[in-house]
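Please examine the model shown below.

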Amino acid sequence: MTISPDFSVASTAVTAALAAYLLLGEPWAGRRMYASLARRRDTEPRALVRYFGRTLALWGVLAAGAVAALLLSPGVDAADLGLVLPERPGYTVALMLVFVAVAVASGRNFRGMAERGRHVPGLASIEAMLPRTAEERRLAIAVAVTDGIGANLLYRGLLIAFGVGALGLDLTVAAALSVLVYALAGAYQGRQGILVFAVFGAVMTGLYFATGSLLLPVVAHAALSVRDLTLPAPDGPRAPSAA
C-alpha cells in the first residue's frame, strides 16, 4: 500500500490538534469518564445511558474534525485516508465474513460462560459498560459500531496519512506511531488494556495495509466491539474490586 497525502496549512493545524487530543487528551478523558461511570453505575439508573451519549457525541466531534481535515486539503484525497473500496473485494468480503463468524461464535461462548458464573477474560475491565436494559443494549450497539468507524478513520486513516504527508515519516513508521497512540487509549483498562489495544491496533492496521481500505478493519472492529459490549452484565451490584 502506498499513499502520498499533501496537507495544507489549515489541514495540518486541524489534524495536529486532533492528534494532540488522541495522544494526550483521550487517555486522560477515557480513564476519567470510565472511573466516573464505575462509581455511579449501581446507584444512578441512567449513568450508562449518559456515558454512551457522551461517547457518541465525542466520536461525532472527532469524526467531523477528520472530515474537515480532508476537505481543507486539496492534496489529500479519500484514498489517502483509506476511504476507498478494497483492492481485492472477494478476499476482503471473505475475511469480513470470517471476523463476523468469529465474533458471533466467541460471543455465544462468552455469554454462556458469563451466565454460568465462569470467568470471561477481560470482562472485569469493561464491566461498568455492560448493558442491563434494552435501551442500554441499543446504545451499546450504536457505540460499538461508531467506535469501529471512528477509531479506524482517526487512528488508522488520518494519523497514518498525517505522519506520511505532514511529518515526512515512512509509511511503516507512521503506522507504528498510530498503533502506539491507539494503545494509550486503552489506559482506562489499566496496563493490560494498553497492551490489548496495542495488539488489536496492530492487527487492524495490518488489515488496512493488506486491503488498502478501511472497510475490513471497520467491519472487524465493529463486530468484535458489538460482541464485547453486549455481553450480559453481572446481576446485582458489582464487587468493589471490579470497580
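Predicted model: local features only at pLDDT ≥ 70, side-chain atom pairs only at ≥ 80, totals over all residues.

Modeller: Residues are numbered from 1 along each chain as its sequence is written, and side-chain values use heavy atoms, with hydrogens and water left out.

Biologist: How many helices and strands are there in the protein chain?

Modeller: Helices (H or I, at least four residues) and strands (E, at least two) are DSSP runs, numbered from the N terminus. Read from the N terminus, the elements run α-α-α-α-α-α-α. The count is therefore 7 helices and 0 strands.

Biologist: What is the radius of gyration of the protein chain?

Modeller: The order of elements is α-α-α-α-α-α-α. The radius of gyration is taken over C-alpha atoms, and the globule rule is 2.2 Å times the number of residues to the power 0.38. For 243 residues that rule gives 18 Å, and the chain is close to this value, so it is as compact as a globular protein of that length; its radius of gyration is 18 Å.

Biologist: Which share of the 243 residues is buried?

Modeller: Buried means under 20% relative accessible area, exposed over 50%, and partly exposed in between (1.4 Å probe, protein chains only). In the protein chain, the buried share is 46%.

Biologist: Is R41 buried or exposed?

Modeller: R41 is placed in the loop between α1 (9-40) and α2 (47-71). A polar atom of the R41 side chain lies 2.9 Å from the backbone oxygen of L130. Because its relative accessibility is 4%, R41 counts as buried.

Biologist: Which residue forms a salt bridge with R46?

Modeller: A salt bridge is a side-chain nitrogen of Lys or Arg within 4 Å of a carboxyl oxygen of Asp or Glu. In this pair the closest N and O atoms are 3.1 Å apart, and the partner of R46 is E135.

Biologist: How many residues apart in sequence are the parts that R46 and E135 tie together?

Modeller: The salt bridge in question joins R46 and E135. R46 lies in the loop between α1 and α2, whereas E135 belongs to helix α4, so the pair ties together parts whose separation in sequence is 89 residues.

Biologist: Which residue meets R227 in a salt bridge, and is R227 buried or exposed?

Modeller: The N to O distance in this salt bridge is 2.8 Å, and the partner is D228. D228 is partly exposed, with a relative accessible area of 25%. R227, because its relative accessibility is 18%, counts as buried.

Biologist: What is the N to O distance between the side chains of E44 and R50?

Modeller: E44 is partly exposed at a relative accessible area of 27%. R50 also counts as partly exposed, at 39% relative accessibility. Their side chains meet in a salt bridge with an N to O distance of 2.5 Å.

Biologist: What accessible area do I141, V145 and I149 have together?

Modeller: Patches are made of residues with over 30% relative accessible area and no salt bridge, like charges being joined within 9 Å and nonpolar side chains (Val, Leu, Ile, Met, Phe, Trp, Tyr) within 5 Å. V145 is placed in helix α4 (residues 134-165) and counts as partly exposed at 36% relative accessibility. With I141 and I149, V145 forms a nonpolar patch on the surface, and the accessible area of the three together is about 220 Å².

Definitions and conventions. Areas by Shrake-Rupley, 256 points an atom, 1.4 Å probe, with all protein chains shown as cover. Polar contact = N/O pair within 3.5 Å; in protein donor to acceptor, adjacent residues only side chain to side chain.
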